[in-house]
Amino acid sequence: MITILRESDVPKNFAEKISEFAARPPQPVLRFKDEPWWEGNSLVFNLRNGTPFPLLYGVYVEALGDYAERTDHIGPFSTDLWRLTFDSRPSKVEIKVGLVPFEIQTDRRVITDGL
């Protein structure tokens, strides 16, 4: 068996770049990775950055008539884990994610509890 070795920093030709792009298209800018889930009175969710550069983003939460927001940064092609802890489990939580400083909303989830 012969293994062909190829230097990784050799520039790719146009056909190789097109085939690589077609095999793995770029991911959305900033989205929820999975559906949020409950752990007791805490709501846990993941955010994914599908771009090759870091982003500054904000998380905006509305529940039980209260509003909270938090700003953070995320690295290229990485995932951030968030945990929201409530005194009592709300029946409806709305979470929005947007890019800062322009407040461009990239994803939104409304979580309802069927308890």
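Trainee: Which residues does leucine 81 touch, not counting residues up to four places away in sequence?
Mentor: Leucine 81 touches Trp37, Val44, Phe45 and Asn46. Contact means that heavy atoms lie within 4.5 Å. This is a predicted model, in which local features need pLDDT of at least 70 and side-chain atom pairs count only at pLDDT 80 or more, while totals for chains, interfaces and linings use all residues. Residues are numbered from 1 along each chain as its sequence is written, and side-chain values use heavy atoms, with hydrogens and water left out.

Trainee: Why does leucine 81 count as exposed?
Mentor: Its relative accessibility is 57%. Exposed means over 50% relative accessible area, buried means under 20%, and partly exposed is in between, with a 1.4 Å probe and protein chains only. The value for leucine 81 is over the exposed limit, so the residue is called exposed.

Trainee: Where is the place of leucine 81?
Mentor: Leucine 81 is in strand β6. Strands (E, at least two residues) and helices (H or I, at least four) are DSSP runs, numbered from the N terminus. The C-alpha atoms of leucine 81 and phenylalanine 45 are 6.0 Å apart, although 36 residues separate the two along the chain.

Trainee: How do you know that β3 and β6 pair?
Mentor: Two strands pair if DSSP finds at least two bridges between them. β3 and β6 have seven bridges, in the antiparallel sense. In one of these, asparagine 46 has leucine 81 as its bridge partner.

Trainee: In what sense do β1 and β3 pair, and over how many bridges?
Mentor: They pair in the antiparallel sense over three bridges. Leucine 30 has asparagine 49 in β3 as its bridge partner. Strand β2 (residues 37–39) is also antiparallel to β3, with three bridges, and tryptophan 37 stands opposite valine 44.

Trainee: What do β2 and β3 form, and how many residues are between them?
Mentor: They form a hairpin with two residues between the strands. Glycine 40 in the turn has a positive phi of about 70°.

Trainee: What makes β3 mostly covered?
Mentor: Seven of its eight residues are buried.

Trainee: How many aromatic pairs does the structure hold?
Mentor: There are four. Rings of Phe, Tyr and Trp (its six-membered ring) pair if their centres lie within 6.5 Å; planes under 30 degrees apart are stacked, over 60 edge-to-face, and the rest tilted.

Trainee: Why is the pair of phenylalanine 32 and phenylalanine 45 called edge-to-face?
Mentor: The ring centres are 5.5 Å apart and the planes are at 65°, so the pair meets the edge-to-face rule. Phenylalanine 32 lies in strand β1 (residues 30–32) and phenylalanine 45 in strand β3 (residues 42–49), so the pair ties together parts 13 residues apart in sequence.

Trainee: Are these two residues buried or exposed?
Mentor: Phenylalanine 32 is buried, at 5% relative accessible area. Phenylalanine 45 is buried too, at 0%.

Trainee: Why is the pair of phenylalanine 45 and tryptophan 82 stacked?
Mentor: The centres are 6.5 Å apart and the planes are at 5°, so the pair is stacked. Phenylalanine 45 belongs to β3 and tryptophan 82 to β6 (residues 79–85), so parts 37 residues apart in sequence are tied together. Tryptophan 82 is buried, with a relative accessible area of 13%. Ring pairs link Phe32, Phe45, Tyr57 and Trp82 into a cluster.

Trainee: How many residues has the largest nonpolar core?
Mentor: It has 20 residues, and those with the most contacts inside it are Leu47, Tyr57 and Ile95. Two or more residues each come from β1, β3, β4 (55–63), β6 and β7, and β4 gives the largest share, five residues. A nonpolar core is a set of buried Ala, Val, Leu, Ile, Met, Phe, Trp, Tyr and Cys residues joined through side-chain atoms within 4.5 Å.

Trainee: Why is glutamate 94 called buried?
Mentor: Its relative accessible area is 14%, so it falls in the buried class. Glutamate 94 is in strand β7 (residues 92–99).

Trainee: What joins the side chains of glutamate 94 and arginine 108?
Mentor: A polar contact of 2.7 Å joins them. A polar contact is a pair of N or O atoms within 3.5 Å; within protein, one must be able to donate a hydrogen and the other to accept it, and residues adjacent in sequence count only if both atoms are side-chain atoms.
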